[in-house]
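Have the structure open while you read.

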Amino acid sequence: LLYHMHRTFTSDGRSLIASDDVFSEHARNDIESLHEKNLYHLGEDRMLTTLLLKNFPDMRLSFVSEAVCWTIVPHTISVLLSQRRRCYNEGDKELRKTIHSIAQTEYPSENKVVVLVADGNITGKGESLPTPMVLSNILGFQIDEMEDETFSYKSLGARGSNRCNVYSGVYENQNKSLKYVVVVKCGTEDEVGSAKAGNRGKRDSQLIITGLLNRIHHGRQLCELDSAIARSLKSLQIRVREVEHLMTIDADAR
């Protein structure tokens with residue numbers, strides 16, 4: 001699934017993607033069987049949709065045939081398997097095209113924001129720069145690993161915690177503007193020097209956003225990362241409580 005869109009709440013105010021039942025099941029950290037690993041690690045997008053339909057039987061899933069999406073088509077079985085296992089090394093070319101395509105959509109710029117989550121400070125195969133630096137070059141924000149503040153949150157995985165940097169701003173491209181928030185998972189102190197410091201997986205990245213929505217909608221205490229993201233959104237004149245739709249896309253889709 002290259003991209004999908006969910007409503008955050010119903011017209012009568014019920015939480016959907018931010019509901020307790022959906023969030024708690026999607027945030028499970030006790031995945032052990034091969035079947036569950038396939039559901040939660042390889043098919044996390046479809047699993048989230050399944051959980052929504054399970055918990056809201058009165059709602060329905062719609063397929064929009066007019067929607068168009070471009071992606072990289074694999075030409076060998078090895079590339080296909082790599083895509084199915086999720087890749088985190090999309091480079092400048094793929095990321096630039098994806099960000100550009102989001103900026104060029106017809107949805108009003110003042111009501112649109114893209115949240116990009118870099119799953120660790122990782123340099124992908126064949127790339128010369130780590131993903132956060134690629135995003136910095138494209139969007140124009142500055143990274144200072146020694147001075148930038150980090151924010152904690154409860155993560156998936158054995159460690160159970162992680163820290164992130166948060167950057168925000170406005171990207172300008174061909175007379176179009178795009179508000180952005182970049183979350184860079186940088187890891188805990190004991191991960192310093194690790195090749196995959198901060199890496200927790202795609203579902204963990206999704207839970208950063210749905211967890212924020214869950215705690216905001218239910219009036220619960222925010223974690224450090226929640227507060228940092230909410231402040232960044234507020235600086236862009238986006239109120240978390242007023243976010244009505246959440247679209248999730250892979251970094252190589254446009």
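**Notes on an aromatic cluster and a helix pair**

1. Start with two residues on the inside: Phe 141 and Tyr 180 are both buried. Keep in mind that this is a predicted model. For Phe 141 the relative accessibility is 6%, under the 20% cut-off, so the residue counts as buried.

2. How many aromatic pairs turn up in a search of the whole structure? The search gives 2. In one of them, the ring centres of Phe 141 and Tyr 167 lie 4.8 Å apart with the planes at 20 degrees, so this pair is stacked. Phe 141 sits in the loop between α6 (131–139) and β3 (151–154), while Tyr 167 belongs to strand β4 (residues 161–173), and the two are 26 residues apart. Tyr 167 is buried too, at a relative accessible area of 9%.

3. Now look at Phe 141 with Tyr 180: the centres are 6.1 Å apart and the planes meet at 45 degrees, so the pair is tilted. Tyr 180 is in strand β5 (residues 176–185), 39 residues from Phe 141, and the pair links distant parts of the chain. Taken together, ring pairs join Phe 141, Tyr 167 and Tyr 180 into a cluster.

4. On to the helices. α2 (residues 34–42) packs against α3 (residues 44–55) at about 95 degrees, with the axes 5 Å apart. The two are therefore roughly perpendicular to each other.

5. Which residues make that contact? From α2 come Leu 39, Tyr 40, His 41 and Leu 42, and they meet Glu 44, Arg 46 and Met 47 of α3. By type, the contact has 4 nonpolar, 1 polar and 2 charged residues.

Note on methods:
Residues numbered from 1 in each chain as written. Predicted model: local features only at pLDDT ≥ 70, side-chain atom pairs only at ≥ 80, totals over all residues. Heavy atoms only, no water. Axes fitted to C-alpha atoms, helices over the stretch in contact; angles between N-to-C directions. Helix = DSSP H or I, 4+ residues; strand = E, 2+ residues; numbered from the N terminus. Parallel < 35°, antiparallel > 145°, perpendicular 65-115°, else oblique. Contact = heavy atoms within 4.5 Å. Nonpolar A, V, L, I, M, F, W, Y, C, P; charged D, E, K, R; others polar. Phe/Tyr/Trp six-rings, centres within 6.5 Å; stacked < 30°, edge-to-face > 60°. Buried < 20%, exposed > 50% of the residue type's maximum accessible area, 1.4 Å probe, protein only.
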